[in-house]
Amino acid sequence: MNVTAILFEGFETLDMFGPVEMLGASGAFEVRFYSRDGGIVTSYQGVPVQTEKLGDAPVPEVLLLPGGMGVYDMLEDAEFISALAALSDRAQYVLSVCNGAFLYAKAGVFDGRRATTYKARMSRAEEMFPEVKWERNARWTVDGNLYVSSGVSAGTDMALGFIADVCGRECAEKTAHYAEYSWNSDPAHDPFAC
């Protein structure tokens, strides 16, 4: 399956590359990176990533969006939010990590749906987007085709949960074992819930 991974300046490195590691290692997904204008995009931690222009992205089977400090600037980018809404409508699966949920919420993707986000920003999410059914006690949520994780490292657990649902649990377990990663496979087991 193709994965359209969307980046922006100031994205959180692990939000993106934890899930990308698992998706890529599973052997079932091909990940390509896109940004609004294409070119080099730099994470909050200073990691540069070469991207393609978002307007050139194919219809995504899987749409993956990280969080990070750059989310707050992107919330004000009406063109980006409109493009995100259009891609989400066409995607087979929509995946969100950390406060990347704010961008999907702003695009209307989560209206009336279950979702979670980074716990330190949960109250803000509830205030800004009351039409979303925010879940405070969740490592990640699944609502139809939406897979939404809480903070940073939770995205890796969510990606493995997604792999289990799409490719089978054995594939997810083998992928976690390959990465020597201790997978929290229960989306309701959230040691960071507030």
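The following legends describe an overall view and several close-up views of a predicted protein model.

Local features are reported at pLDDT of at least 70 and side-chain atom pairs only at pLDDT 80 or more, while totals for chains, interfaces and linings use all residues. Residues are numbered from 1 along each chain as its sequence is written, and side-chain values use heavy atoms, with hydrogens and water left out.

**Figure 1. Overall fold of the predicted protein.** Seven helices and ten strands form the secondary structure of the protein; helices (H or I, at least four residues) and strands (E, at least two) are DSSP runs, numbered from the N terminus. The radius of gyration, taken over C-alpha atoms, is 15 Å, close to the 16 Å that the globule rule gives for 194 residues, so the protein is as compact as a globular protein of that length. The globule rule is 2.2 Å times the number of residues to the power 0.38. Along the principal axes, the C-alpha atoms fill a box of roughly 40 × 35 × 30 Å.

**Figure 2. Interior and surface of the protein.** Of the 194 residues, 54% are buried; buried means under 20% relative accessible area, exposed over 50%, and partly exposed in between (1.4 Å probe, protein chains only). Among contacts (heavy atoms within 4.5 Å) with a separation of 6 or more, 65% join residues 24 or more positions apart. The accessible surface, from the Shrake-Rupley method with a 1.4 Å probe, comes to about 8,300 Å². Carbon and sulfur atoms account for 48% of this surface.

Figure 3. Helix α1 covers residues 13-26, and its 14 residues should span 20 Å at 1.5 Å a residue; the end C-alpha atoms are 20 Å apart, which agrees. The expected span is 1.5 Å times one less than the number of residues. The buried residues of α1 include Thr-13, Met-16, Pro-19 and Leu-23. Just after α1, Gly-27 takes a positive phi of about 80 degrees.

**Figure 4. Val-20 within helix α1.** Val-20 is buried, with a relative accessible area of 15%. Leaving aside residues up to four places away in sequence, Val-20 touches Val-31, Phe-33 and Leu-64. Trp-183 is 163 residues from Val-20 along the chain, and their C-alpha atoms are separated by 15 Å.

**Figure 5. Positive phi at Val-152 and Glu-180.** Most residues other than glycine have a negative phi. Val-152, in the loop between β10 (146-149) and α6, has a positive phi near 30 degrees. Val-152 is partly exposed, with a relative accessible area of 23%. Glu-180, in the segment after α7, has a positive phi near 50 degrees. Glu-180 is exposed, with a relative accessible area of 75%.

**Figure 6. Glu-76 in the loop between α2 and α3.** Helix α2 comprises residues 71-74 and helix α3 residues 78-90, with Glu-76 in the loop between them. Glu-76 is exposed, with a relative accessible area of 65%. The C-alpha atoms of Glu-76 and Lys-106 are separated by 9.6 Å, and these residues are 30 residues apart along the chain.
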